[in-house]
Amino acid sequence: MSKKNCLLIFRNKKLNNFDRAESTAAEFASNGIYFDRVEYCSYDDSEEISRSIAECKGNYLNLVLLCPQVMCDTLKNYCEKIFEGQFDNFNILSAPECNLYVLSYDGESRLKDSDVAQILSKKSGISCGHSYVKTVGVSLDEINKVIAMAKEVCSECDFNVSDSFSDCTIEIVYPESLSKSSYDNVIRMVIGGLNGHVYALENITLAQRLFQLLKLRRMKISVAESFTGGGIAKRLVEVPGISEVYLEGLNTYSNESKIKRLGVDELILKQYGAVSEQTAYQMAEGLLKTGDCDIAISTTGIAGPKSDSTSKPVGLLYIAVGTRESISVFKYELNGGRQKITETAINLALFHAFRKIK
């Protein structure tokens, strides 16, 4: 038997939601367990279910079945006949040719992803350590190049990468027997290759990391948002203890609000438009002039799906980040739908604030 692990996901194919399957695969990868085959099956197509399970019998050492709760008993009964075995109280069936694990993705279950991942890890004799590198603004192609170089230095390490709107988590999974010098070389190579885009070496959020740094620097932050519509403020207030460093958040969506609340020059708006470097600068400047903050973030842009009355393209955005000493403005032209553009802009804004005070 050349292949070890297979994951079969039974779902309603009319619903294009892959989050649960992705989280399951990520949990296993964190324990050094990877699937040779991942397949989606329609939960109401008996022929497809029979074919998929039959193909796995005798070809995989471990078969993980991810299904809705209402399907669990039927699926277990069918598998018991095929594999001539019986599931225990934890939804595990041990047969000579294959071990089966049934997980439910929409109800209570005694068996969880982490349980099965640890069982397989223990059976494989894998004892793993974990490290994390968190980055913003690096393409997946660049990250994969860095990982390829790191694997040349140390082939014993595995790398799991997840991307959330340009905020990437690189999980490094390594055998606990790995020497410290080898581990240090890998970490140095990854950080060095990412060229200033790293914000944390632990598995925390970007907002949490910014909070830590603001607290360390004893700084207060204020935010003025236009097209991000309060998204930056929402990320910040989700962090426990943020009141120690968060002063205010303004959702200055209209030009009138930008003028009255932030002191943006009306002539600037007429000459350059609301979506401009000049407007972003004055929005941040207004926060610093009239508030008691030490650092300010402002955003203005076009999230789509259509442009405004100007000829400026969807995805154009300006992020200003400043202190009383200086204000920097960053221009981006992002691709994608409204959510992708907005969420990416939020991550970029938080990251630039982090870099400003780092």
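**Contacts, pocket and backbone of a predicted model**

Colleague: Leaving aside its neighbours within four places in sequence, with which residues is Thr-344 in contact?

Modeller: Contact here means heavy atoms within 4.5 Å. Once neighbours within four places in sequence are set aside, the contacts of Thr-344 are Phe-165, Ser-166 and Leu-334.

Colleague: At what pLDDT do side-chain atom pairs count in this model?

Modeller: Residues are numbered from 1 along each chain as its sequence is written, and side-chain values use heavy atoms, without hydrogens and water. The model is predicted: totals for chains, interfaces and linings use all residues, local features need pLDDT of at least 70, and side-chain atom pairs count only at pLDDT 80 or more.

Colleague: Is Thr-344 buried or exposed?

Modeller: Thr-344 lies in helix 12; helices (H or I, at least four residues) and strands (E, at least two) are DSSP runs numbered from the N terminus. A residue is buried under 20% relative accessible area, exposed over 50% and partly exposed in between, using a 1.4 Å probe and protein chains only. Because its relative accessibility is 7%, Thr-344 counts as buried.

Colleague: Where does Phe-165 lie, and what is its phi?

Modeller: Phe-165 lies in the loop between strand 7 and strand 8, and it is partly exposed, with a relative accessible area of 28%. Most residues other than glycine have a negative phi. Phe-165, which is not glycine, has a positive phi near 55 degrees.

Colleague: What is the phi of Asn-91?

Modeller: Asn-91 is in the loop between helix 3 (72-83) and strand 4 (92-94). With a relative accessible area of 13%, Asn-91 is buried. Its phi is positive, near 65 degrees.

Colleague: How much space lies in the largest pocket?

Modeller: On a 1 Å grid over the protein atoms alone, a pocket is an open set of points where a 1.4 Å probe fits, with protein on both sides within 12 Å along at least five of seven lines; lining residues have an atom within 4 Å of a point. Grid points are joined across faces, edges and corners, and the volume is the space filled by probe spheres set on the points. The largest pocket has 30 lining residues, and Ala-26, Ser-162, Asp-163, Ser-164 and Thr-169 are those nearest its centre. The space in this pocket is about 820 Å³.

Colleague: Which element supplies the largest share of the lining of that pocket?

Modeller: The elements that each supply at least two lining residues include strand 7 (158-164), strand 8 (167-175) and helix 12 (338-357). By class, the lining has eleven nonpolar, ten polar and nine charged residues; Ala, Val, Leu, Ile, Met, Phe, Trp, Tyr, Cys and Pro count as nonpolar, Asp, Glu, Lys and Arg as charged, and the others, Gly among them, as polar. The largest share, eight residues, comes from helix 1.

Colleague: How far apart are the end C-alpha atoms of helix 1?

Modeller: The buried residues of helix 1 are Ala-21, Thr-24, Phe-28, Ala-29 and Ser-30. The expected span of a helix is 1.5 Å times one less than its number of residues. For the twelve residues of helix 1 this should be 16 Å, and it agrees with the distance between the end C-alpha atoms, 16 Å.

Colleague: How far apart in space are Gly-230 and Asp-36?

Modeller: Gly-230 is in the loop between strand 10 (221-225) and helix 8 (231-237), and at a relative accessible area of 23% it is partly exposed. Gly-230 and Asp-36 are 194 residues apart in sequence, and their C-alpha separation is 42 Å.
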